[in-house]
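This report goes through selected features of one protein model, element by element. Please keep the sequence and the structure at hand while reading.

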Amino acid sequence: MGGCLSIATINSAVCVLLVLHASIYSPALRNTCPTYPAVYRARRSLRSSVGPTGYPLMLQLLQISTESTPGGVIRGSRASRRSSARKKNCSERLAEGKMASCGNLGTDLKGSLLIRVGYVRYSSCESIFHPFIVAAISKLAPFVPHHWVFVLPSVIFITGRLFFTSSLGIKLLLNFLSLTVPMFVPEIRILTKLQQVLIEMSNYKLGVEVISAHDLMPKDGQGSASPCVELQFDGQKFRTTIKEKDLNPVWNECFYFNIADPASLPELVLEASVYNMNRATHPRSCLGKVQIAGTSFVPYADAVVMHYPLEKHRIFSRVKGELGLKVFLTDDPSIKPSSPFPAIGPHSNDLPPSQAHQVPAQVSILNASSPPENRSETRYTFHSVPKEVHQHHSSAPISEPVRYAADPMKPEPQPPRIVRMYSSASSQQPVDYALKETSPFLGGGQIVGGRVIRADKPASTYDLVEQMQYLFVRVVKAKDLPAMDVTGSLDPFVEVRVGNYKGTTKHFEKKQNPEWNEVFAFSRDQLQASVVEVVVKDKDLVKDDFVGMIRFDLNDVPTRVPPDSPLAPEWYRLEDKKGDKTKGELMLAVWIGTQADESFPDAWHSDAAAPVDGSAVGSHIRSKVYHAPRLWYVRVNVVEAQDIVMSDKTRFPDVYVKVQLGNQVLRTRAVQARTFNPLWNEDFMLVAAEPFEDHLILSVEDRVGPNKDEVIGRVIIPMGTIEKRADDRIIYGRWFSLEKPVAVDVDQLKKDKFSSRIHLRVCLDGGYHVLDESTHYSSDLRPTAKQLWKPSIGLLELGILNAEGLHPMKTREGKGTSDTYCVAKYGQKWVRTRTIINSLSPKYNEQYTWEVYDPDTVLTVGVFDNCQLGEKGSSGNKDAKIGKVRIRLSTLETGRVYTHSYPLLVLHPSGIKKMGELHLAIRFSSTSLINMLYTYSRPLLPKMHYIRPLTMMQQDMLRHQAVQIVAARLGRMEPPLRKEVVEYMSDVDSHLWSMRRSKANFFRLMSVFSGLFAVSKWFKDVCAWKNPITTVLVHILFLMLVCFPELVLPTVFLYMFMIGIWNYRYRPRYPPHMNIKISHAEAVQPDELDEEFDTFPTSKSAELVRMRYDRLRSVAGRIQTVVGDLATQGERVQALLSWRDPRATAIFVVFCLVAALVLYVTPLQVLIALAGFYVMRHPRFRHRMPSAPVNFFRRLPARTDSML
């Protein structure tokens, strides 16, 4: 009966899984058309995969599948209604190979089409092998447990789906196309055509430079070895020359591998094996191997020599040593792939290193199962190497936004809801300072509780901001303009007027055919007119002359939505004020679009119009994306100097070395060189930024007097010549000749036969992460060397919506106003929104994207008032800070959209002040949950921080220098990101002393230990028998744990598990924000705030500094007392056996002897039970006086008597 039941259950389960899979993944086999939502989701996924450039082409290519298959992928969509002429044009372009300029279209198209082929193939296999699967499982049913009835069909379903959609399954499908896949599948025909187009899209090769090996294992029985390196990559093998009898060989040979499928490059592995070769007997033994994943390959410019430790070839192998390799990617078409290595024989000679670059043989791996005449037809190679794309608000998001099933859209947005961030009553802050959750209507729909409720209209690529329509006017150029002056010249410029808003181009002097190519954007929400006027004028000192104009009705302006191509400009004849045609033409393009338009970032905006000079405004109001320079640590080891030449030879020199890089100056200690060969051996760390501009200067100086130093010589080292390293390998020193700082005569040069030298070890350490922000709010933890970077684990999308209730920062025309912009920082990417002029409730609606490499990082968004928009555009004023928001990514749920209004809190000398609210939309998407969870087991900082750690003083000094370098570089860009903005976003002064921060940290520490204090109080209540029932239960539990000690740890962990499950109901559902109670900002004293905002060094009066110094002494005295008490207790413990008090030590020694005898004859559980019952005894058996052990311990001596 059980066997029949199992067979029936297996059959039904398999059938249900097959039908379910066919209904979901194989619409072509059902001969039915997908619904419109399915078509919409497929087209949206396709658009996000191939981008705006490749999307129209993809629609045309996939249209081939809808012609022959009734249930095509996008049947019924807009692509199937294209004209026949466009279809023919697409087919002809495809056949002629003119579509190779679509970026990564080959990779994305291959993935989408081959996955569909895999699903069709898997569904066909299921229909064929279904009876055999059922019969096989039925035979095995009596011999397996009953719960396997449901496991086996699921395993078969998942395994088959994964196999036939993987690269291996796809290759099998393509190789056996003529036998197994029916030709009616339209994707196969598309792949066959695309193969001819995409076969030449890439010239990428993998270059491997074998440098050397170190400390290899002897293998020839004579204490040596004859090593060579064999390289394997993607089925290709190369071998270096054999170095006879050398355990530290040096090759310096370079090889190049063909990359057959660049799309699968992250899945490939480069294996370098070191073998000991014996030419006489021909055997070889492995000395170790190295495996390098394809995700760590970098371009040639970023590649450095890496020394990899050799790994075991087998489990019981003995290996040691390192292998130095330089691995890089190159697309130089002049580089030919290397030739495969010849067979090893007794008289065979290895190819010299130079010949590896000259042999034009191509190494390609074909399928051995295919016949020779069909190999060229069955090999599908798609050349495309994905590059790192830094997206900003003008590009489409990479990932498909997460969709949720929800209730229908509400007609009105919900009011903001106050969010309590902390459950503790001591952490609650006023309602005005609390976080507010909102439910705005964004491009993807309405956000309710983190879920996206889709609207009826198509979703926008800007799904985290509100869609804002703009009227765009592109003024390109003019021709044949009439002369307006008496001299026959013309100084033309163009005014674009829409209602009360007016935009002006720059003017040209004496030019009748000017070219402007400027774009103007007018917000449709602010337009109060129905006509656009484009007026050409002649610049004049008194009054500008009218040349001609063109009018447009707003109802006739076309609408453009990306990925549509840009609107082509047209020539328009100028008209006079009466509407008659005049001489001259103007090329224009007028359209209505959104902030997703590619012209939006560089356009002049109507909300940025102000009664100031337009030339001064234009360079400071546009939105921009900045990339901070890549920072390196420069390690300088000053070893020694030789043959120091002194001008005054009557004394011994007092020599030191000054190291200078830009504004960074460090000095060694002064050494009295009695032999004129001083020795220092000191290490220095400095910060340098790419591209390197400054030189490293080292000068040897003699301290002649108290404030007088004489330069003996110096050496200038260009930064580009310094060796880079990514690990802890040894950097060999070099001798540099010291140059005279002043010119000397020729006779003196002839007398000096030997010049002074200095011994240095200099390198660029790429294994560190250069700290350029506060360590508590780090947004990037990757090392400098790119080959050490791990793959990204997710995507961070930020929508800066608007700000409300901003505090006026300036006065203009008698009214308080602000000219605000936002700055967001994460990693090396900084973004700046456009400046909104004269608005206390600006709307930005700009979206940005970052790649995430570590979840334990912080996104910082700041709001500033632009103070560079004066009448003269003076840059002497500093931009005023309005507030900032920090969001830690690890507190965000993946896939959820967080829409909150964050209060902008700023601490002023007068106290805490709310400057307004900033409305943000944030989404953190994870690409791989396994990789994200794995990051929690990896070290927070790169490996070099633990191998050769930096001191706290070094970290503070280097962080300060790094912030100054980043601020200087970003301040030189256009528009500049000013120094005060960079310092405020990087929290440059967070390490300075503050009484308020000290109190806040103390209360934070008390809050951490509050749980222990509560448990201690509860235990005291148990011992005092305040609740007899609780005390009796604790006694019973204690007795159970004593009798069964193996239950102690399980009970503890089970208790913590239950607490975690219970707290899950009350988990914080919103990102944390700045709390004024935790920061101790609501009860701070005015004098403490004045001290916190004081400069360093201080600028206050002597009396005030004396008062603060006395206050600090009193606080330090309390801390000193606490530290002294802790030291006293520790010294009393040491005095138990030190015989400082001979009677006390004798008592303790006798007690230890008695305790040893008692513990030997008494079970430990009995003693623990007795001790527990004694501690929890009833108060009737207690005394108010201290116990004897406490009295004994307090009488022990300490070293306080020896203190002065």
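## A buried tryptophan and its ring partner

Trp516 is buried, with a relative accessible area of 6%. The model is predicted, and the values in this report are computed from it. Phe508 is buried as well, at a relative accessible area of 17%; both values count as buried because the cut-off is under 20%. The structure holds 21 aromatic pairs.

Trp789 and Tyr853 are both buried.

## Other contacts of aromatic rings

Five phenylalanines, Phe233, Phe238, Phe255, Phe257 and Phe297, form one aromatic cluster.

The charged end of Arg832 sits over the ring of Tyr821, 4.1 Å from the ring centre. The charged end of Arg886 sits over the ring of Tyr777, at 3.8 Å from the centre.

## A four-stranded open sheet

Four strands form an open sheet in the order S4-S1-S8-S7, and their pairing is antiparallel. Strand S4 (250–258) and strand S7 (306–309) each have a single partner strand and stand at the edges, so one side of each has no neighbour in the sheet. On average, neighbouring strands of this sheet are turned by 30° against each other, with direction ignored.

Within the sheet, strand S1 (residues 205–214) and strand S8 (residues 322–330) run antiparallel and are joined by nine bridges. Gly207 has Phe328 in S8 as its bridge partner. Strands of a sheet pair through backbone hydrogen bonds, in either the parallel or the antiparallel sense.

## Strand S15 and its partners

Is strand S15 (residues 492–498) largely enclosed or left open by the rest of the structure? Six of its seven residues are buried, so S15 is largely enclosed. S15 pairs with strand S18 (residues 531–538) in the antiparallel sense over six bridges. Pro492 has Asp538 in S18 as its bridge partner.

S15 also pairs with strand S16 (residues 501–504), again in the antiparallel sense, over four bridges. In this pairing Val496 stands opposite Gly503 in S16. The hairpin of S15 and S16 has two residues between the strands, and Gly499 takes a positive phi near 65° there.

## Helix H17

Helix H17 (residues 995–1008) has 14 residues, which should span 20 Å at 1.5 Å a residue. The end C-alpha atoms of H17 are 20 Å apart, which agrees with that expectation.

Met995, Arg996 and Ala1000 are buried in H17. These residues cover an arc of only 135° around the axis, which puts them on the same side of H17. An α-helix has 3.6 residues a turn, so residues three or four places apart point the same way.

One joins Glu974 and Pro975, with omega about -5°, and Pro975 is found in the loop between helix H15 (952–971) and helix H16 (979–986). The other joins Phe1096 and Pro1097, with omega about 0°. Pro1097 is in the loop between helix H21 (1086–1092) and helix H22 (1102–1134).

Lys510 has phi near 55°, a positive value in a residue other than glycine. Lys510 is placed in the loop between S16 and strand S17 (515–523), and it counts as exposed at 66% relative accessibility. Trp1025 likewise has a positive phi near 55° without being a glycine. Trp1025 is found in the loop between helix H18 (1010–1023) and helix H19 (1028–1043). At 24% relative accessibility, Trp1025 counts as partly exposed.

How values were computed: Residues are numbered from 1 along each chain as its sequence is written. This is a predicted model: local features need pLDDT of at least 70, side-chain atom pairs count only at pLDDT 80 or more; totals for chains, interfaces and linings use all residues. Side-chain values use heavy atoms; hydrogens and water are left out. Rings of Phe, Tyr and Trp (its six-membered ring) pair if their centres lie within 6.5 Å; planes under 30 degrees apart count as stacked, over 60 as edge-to-face and the rest as tilted. Buried means under 20% relative accessible area, exposed over 50%, partly exposed in between (1.4 Å probe, protein chains only). A charge sits over a ring if NZ of Lys or CZ of Arg is within 6 Å of the ring centre and within 35 degrees of the ring normal. Two strands pair if DSSP finds at least two bridges between them. Axes are lines fitted to C-alpha atoms, for helices over the stretch in contact, and angles run from 0 to 180 degrees between N-to-C directions. The expected span of a helix is 1.5 Å times one less than its number of residues. The arc is that of the directions from the helix axis to the C-beta atoms.
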